[in-house]
Amino acid sequence: MKQHYVMDLIPNEEITEFFIVKRAEVKTGANGKQYFDILLGDKTGEISGKKWDVDAAEEESLSHIKIGDIVRVRGQITEWNGNPQVRIGRIRRASDSDALDMSDYLKAAPESPESMFAYIRGRAEKIKDTDFRMVAVTLLDRNKTRLLYYPAAKSNHHAIFAGLLYHIKRMLMLADRIAEIYTSLDEGLLATGVIIHDIDKLAEMNADENGTVHEYTFEGQMLGHLVMGVRTIDRLAAELGLPNEKAILLEHMMISHHYEAEYGSPKKPLFPEAEALHYLDMLDSKLYDFEDALLPVTPGGFSDWVRTLDSRRLYKVTTELKNDSK
Ligand SMILES: [Fe+2]
Ligand SMILES: [Fe+2]
């Protein structure tokens with residue numbers, strides 16, 4: 001049974017605790033000595049750890065610690081730049097005899113993967129246009145196994161178990177609401193764009209069944225999920241006999257959804273559904289980052305620096321204020 005969750009760790013505390021490894025590397029410090037730099041986590045958050053003065057023999061054993069492993073850490077909580085950190089005394093990989101409950105270590109989407117998949121699949125079936133419906137339903141069905149556990153990213157937004165489905169589901173709910181307001185939008189085209197826009201993240205990254213990304217694939221590094229997605233649509237369009245214009249519309253939504261060339265989009269959106277797709281994507285990823293960073297913060301306090309939100313420290317509005325304004 002876990003004694004300490006990351007969210008509750010306080011400076012000066014001595015701990016002996018299990019964590020999941022998010023990142024691990026032996027580095028050389030400014031003093032020329034080697035140290036072990038590790039990012040540890042559990043279902044409540046992440047904390048960085050350092051093991052100082054690593055010698056050659058120790059380096060060998062530390063090199064066996066990999067992303068996704070569960071490790072047992074003995075050490076002390078310290079503080080660095082206002083953030084808690086673990087100064088590691090001893091660290092080893094967990095063994096079967098440690099009898100761990102994996103759900104303590106995995107940060108997961110708050111809804112069950114099956115129910116999120118059923119929602120998205122149900123919505124896809126209601127897409128009126130037969131061609132768009134076929135594309136959405138086919139891609140969901142062919143990718144169901146991996147969709148049930150894949151995160152949406154290695155370390156950015158929705159880097160959690162079933163995070164990609166959670167991202168798609170909330171975007172889809174948003175898409176249907178904005179299509180009610182902006183009635184000129186084609187809700188079927190927009191819904192299809194939402195469902196397919198990140199589908200090749202499944203091939204861009206290698207993730208294990210706990211939703212931890214180990215690395216980007218060769219194709220992922222060379223092409224990225226936008227270009228890979230275009231290839232997927234291209235093949236599917238040929239297979240399903242999609243009219244050329246419809247295939248191009250979907251491919252355009254795919255390549256333009258990151259908007260800027262520096263984020264991988266060679267074209268900016270050229271029709272309203274594509275423009276809307278980009279902003280739905282941004283809104284969902286940004287608000288997720290806000291929710292995630294503010295989760296451990298007590299009302300009236302500030303979060304740590306949030307790298308994905310331009311290193312802002314976010315404020316958690318007091319509950320009294322929220323209740324008053326109702
Ligand atoms: Fe994307
Ligand atoms: Fe996305």
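Predicted model: local features only at pLDDT ≥ 70, side-chain atom pairs only at ≥ 80, totals over all residues.
1. Iron ion (ligand 2). The donors to this ion are His167 (NE2), His197 (NE2), Asp198 (OD) and Asp281 (OD), at 2.1 to 2.3 Å. Angles among the four donor atoms run from 79 to 179°, and the site is irregular. For anyone setting up a metal-site search, the donor spacing along the chain is H-x29-H-D-x82-D.

2. Iron ion (ligand 1). Here the protein donors are Asp198 (OD), His225 (NE2), His257 (NE2) and His258 (NE2), and they lie 2.2 to 2.3 Å from the ion. This arrangement is irregular because its four donor atoms subtend angles of 82 to 174°. Along the chain the donors of the iron ion (ligand 1) are spaced as D-x26-H-x31-H-H.

3. Helix α6 against helix α11. The axes of α6 (residues 187–196) and α11 (residues 272–294) are 10 Å apart, at an angle of about 45°. That angle makes α6 oblique to α11. The crossing of α6 past α11 is right-handed. On the α6 side, the contact is made by Leu189, Leu190, Gly193 and Val194; on the α11 side, by Glu273, Ala276, Leu277 and Leu280. By class, the contact of α6 with α11 comprises six nonpolar residues, one polar and one charged.

4. Helix α2 against helix α5. The axes of α2 (residues 113–125) and α5 cross at roughly 40° and come within 10 Å. The two helices α2 and α5 are therefore oblique to each other. Is the crossing of α2 past α5 left-handed or right-handed? It is left-handed. From α2, the contact is made by Pro113, Met116, Phe117, Tyr119, Ile120 and Arg123; from α5, by Leu165, Tyr166, Ile168, Lys169, Leu172, Met173 and Asp176. The residues of this α2 and α5 contact divide into 10 nonpolar, no polar and three charged.

Conventions
Residues numbered from 1 in each chain as written. Chains lettered and ligands numbered in written order. Heavy atoms only, no water. Axes fitted to C-alpha atoms, helices over the stretch in contact; angles between N-to-C directions. Helix = DSSP H or I, 4+ residues; strand = E, 2+ residues; numbered from the N terminus. Parallel < 35°, antiparallel > 145°, perpendicular 65-115°, else oblique. Left-handed = near helix turned anticlockwise from the far one by under 90°. Contact = heavy atoms within 4.5 Å. Nonpolar A, V, L, I, M, F, W, Y, C, P; charged D, E, K, R; others polar. Donors = N, O, S within 2.8 Å, 3.2 Å for Na, K, Ca; no water. Tetrahedral: all angles 85-135°; square planar, octahedral: opposite > 155°, others 65-115°.
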